[in-house]
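Please work through the exercises below with the sequence and the model open side by side. Each one sets a task and is followed by a solution in steps.

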Amino acid sequence: MNIELGLLILESVLLIVTIILLVYSIKEGKQRNELLIEVSKATKVLSRQEYFLTVIDSMMDAEREIIGTITGRPPKGEDKKLTRDVIEVIEKLSQKGVKITYLLPKFPDRLHIGYLYTKAGAEVRYSNCIMVHNLRFIVVDEKTVVLGIPELTGEREATKKGFRIPSEGLAIILKEYFSQCENQIGFIDYLREVITQTGASTSQIAKEYQIDEIGLKELLEGSPVSQSS
């Protein structure tokens, strides 16, 4: 009886120790996963910041022209400051006479960036062509290309990193591809199209997509001529 009691106690102790080790292992595993997730997030933010810095540095070298296709997604979090930096560069370059043209996918929420870039001095166009959904790039003076790479495939995925390629050949190819993208429509014309399709007023559009209402109305009133290309 004493031996059986001793074995029972020993089994109980071993079971308790096993449970403790199991709980500790699960807790350690969660902490490890949380740490990996945080490191991954930090890496993504850094890569995206590097991409924006590469774009800005390349734009600053422009003397004549910049063209590009971008996702135009409304900025959130850290992206708001990065977007403001790009807008400041557009304003400075536009004042120097550099022509800047962007092509965005035809999604109504892209009116937000379209408005900001238009006000800064860029020409903004929209299209549903394949290129605008699959490629993200800028071409500077037909000499330098900055290619943006999304984390996942899809027009709604954010660009996470980029590569700067000093290649006149690639720049010319992308510029030609850019000009051949069919059914391009200017910012004002696309805005009017969205208003017609949705039946929304200018005030409602401004509120929905976080656009300055007064500035939006000024653009509409001052642009009676079609911007379609």
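**Exercise 1: Two helix pairs**

The helices α2 and α3 are roughly parallel to each other, and the task is to find the values behind that description and the residues that make the contact. This is a predicted model, in which local features need pLDDT of at least 70 and side-chain atom pairs count only at pLDDT 80 or more, while totals for chains, interfaces and linings use all residues. Residues are numbered from 1 along each chain as its sequence is written, and side-chain values use heavy atoms, with hydrogens and water left out.

*Solution.* Two packed helices are described by the angle between their axes and the distance between the axes. Axes are lines fitted to C-alpha atoms, for helices over the stretch in contact, and angles run from 0 to 180 degrees between N-to-C directions. The axes of α2 and α3 cross at roughly 30° and come within 8 Å. Angles under 35 degrees count as roughly parallel, over 145 as roughly antiparallel, 65 to 115 as roughly perpendicular and the rest as oblique, and α2 and α3 are therefore roughly parallel. On the α2 side, the contact (heavy atoms within 4.5 Å) is made by Thr83, Val86, Ile87, Ile90, Glu91 and Ser94, and on the α3 side by Ile113, Leu116, Tyr117 and Ala120. These residues divide into seven nonpolar, two polar and one charged, where Ala, Val, Leu, Ile, Met, Phe, Trp, Tyr, Cys and Pro count as nonpolar, Asp, Glu, Lys and Arg as charged, and the others, Gly among them, as polar.

Now take helix α6 (residues 187-198) and helix α8 (residues 213-221): at what angle do they pack?

*Solution.* The angle is about 105°, with the axes of α6 and α8 10 Å apart, and these two helices are therefore roughly perpendicular to each other. Phe187, Ile188, Leu191, Arg192 and Ile195 of α6 meet Leu216, Leu219 and Leu220 of α8. The contact of α6 with α8 divides into seven nonpolar residues, no polar and one charged.

**Exercise 2: The largest pocket**

Which residues lie nearest the centre of the largest pocket, and which element gives the most to its lining?

*Solution.* A pocket is an open set of points on a 1 Å grid over the protein atoms alone, where a 1.4 Å probe fits, with protein on both sides within 12 Å along at least five of seven lines, and lining residues have an atom within 4 Å of a point. The lining of the largest pocket has 21 residues, and Arg48, Phe52, Thr71, Gly72 and Arg73 lie nearest the centre. Two or more lining residues come from each of α1 (2-60), α2 (79-95) and α3 (111-120), and α1 gives the most, with four residues. By class, the lining holds twelve nonpolar, four polar and five charged residues.

**Exercise 3: Two residues and their contacts**

Are Thr69 and Leu174 buried or exposed, and which residues do they touch?

*Solution.* Buried means under 20% relative accessible area, exposed over 50%, and partly exposed in between (1.4 Å probe, protein chains only). Thr69, in strand β1 (residues 65-69), is buried, with a relative accessible area of 0%. Not counting residues up to four places away in sequence, Thr69 touches Leu103, Met131, Leu135, Arg136, Phe137 and Phe178. Leu174, in helix α5 (residues 168-180), counts as buried at 7% relative accessibility. Leaving aside neighbours within four places in sequence, Leu174 is in contact with Leu135, Phe137, Val139, Val145 and Leu147. Leu174 and Phe137 are 37 residues apart in sequence, and 8.6 Å apart in space from C-alpha to C-alpha.
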